[in-house]
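Please walk through this model from its aromatic pairs to its strands and helices. Keep the structure in view as you read.

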Amino acid sequence: FVFELPKSYVDRVEFYYRNSDGRWAKQVAGELTPRMQWPLTGLYPRFEVPHPSTGVSDVYVKVLQFTPLRAALQVVPKSQSDLRMQLAIFMYGLTLGLMVLMSAYSLLLAATYRRYVYAWYSIYALLTALAIASYAGIGHLLIWPASTDWAEKSILVTILAGLAAQVQFCRVLFFHIDLQKWKRHLDQLRS
């Protein structure tokens, strides 16, 4: 069985259990621990529950989180946990791959037609993909697995950067539109 805390942005989870010698052992996962040191790889903290010879085992979990956290702690079979993790990584990979492809196509359109609106959309789509990767845990798993400082700050930074790119994209998109002309058309339609 596997103990899961299905939130990618948990600061630190400590999992205490009795090893084969009967002594307490500890495993650690979370944003403040490099992903390479996690006991089980994945998008969120997971720990394999030991199988004692007696059939009963005590485990203790300590969750350290700076901000309030609402999460359902789960104990599921390892095969089910692995399958869900693989499916989630596949779906995020498909989504992020399409967003990067769309961003590259927009950049190609920007170079072809020499229009800034395509370039800003490309930047916006790329930063949004990075924000999704940060929030989902893909960034910490695949892009920056050794960095704990950036893993903790990446969600906020990438979301704000994506928001700034979105504002700039909308500004460039609507810069040439004569809003008074559109207002007159809407007034005519209403009357």
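Rings of Phe, Tyr and Trp (its six-membered ring) pair if their centres lie within 6.5 Å; planes under 30 degrees apart count as stacked, over 60 as edge-to-face and the rest as tilted. A search of the whole structure finds 11 such aromatic pairs. In one of them, the ring centres of Phe 3 and Phe 15 are 5.8 Å apart and the planes meet at 25°, so this pair is stacked. Phe 3 belongs to strand β1 and Phe 15 to strand β2, so the pair ties together parts 12 residues apart in sequence.

A word on the basis. This is a predicted model, in which local features need pLDDT of at least 70 and side-chain atom pairs count only at pLDDT 80 or more, while totals for chains, interfaces and linings use all residues. Residues are numbered from 1 along each chain as its sequence is written, and side-chain values use heavy atoms, with hydrogens and water left out.

Next, the strands. Helices (H or I, at least four residues) and strands (E, at least two) are DSSP runs, numbered from the N terminus. Two strands pair if DSSP finds at least two bridges between them. Three strands form an open sheet in the order β4-β1-β6, with antiparallel pairing. Its edge strands, β4 (46-48) and β6 (74-76), each pair on one side only. On average, neighbouring strands here are turned by 25° against each other, direction ignored. Strand β1 (residues 2-4) is joined to β4 by three bridges. Val 2 has Glu 48 in β4 as its bridge partner.

Strands β2 (residues 12-18) and β3 (residues 24-29) pair in the antiparallel sense over six bridges. Val 13 stands opposite Ala 29 in β3. The hairpin of β2 and β3 has five residues between the strands, and Gly 22 there takes a positive phi near 90°.

Now the helices. Axes are lines fitted to C-alpha atoms, for helices over the stretch in contact (heavy atoms within 4.5 Å). Angles run from 0 to 180 degrees between N-to-C directions. α1 lies across β1, β4 and β6, running at about 110° to β6. How do α1 and α2 pack? Helix α1 (residues 78-113) and helix α2 (residues 116-136) pack at an angle of about 165°, with their axes 7 Å apart. That makes α1 roughly antiparallel (over 145 degrees) to α2. Among the contact residues are Tyr 92 and Leu 96 in α1, and Tyr 118 and Ala 136 in α2. The residues of this contact divide into 18 nonpolar (Ala, Val, Leu, Ile, Met, Phe, Trp, Tyr, Cys and Pro), four polar and no charged (Asp, Glu, Lys and Arg), the others, Gly among them, counting as polar.

Conventions. Parallel < 35°, antiparallel > 145°, perpendicular 65-115°, else oblique.
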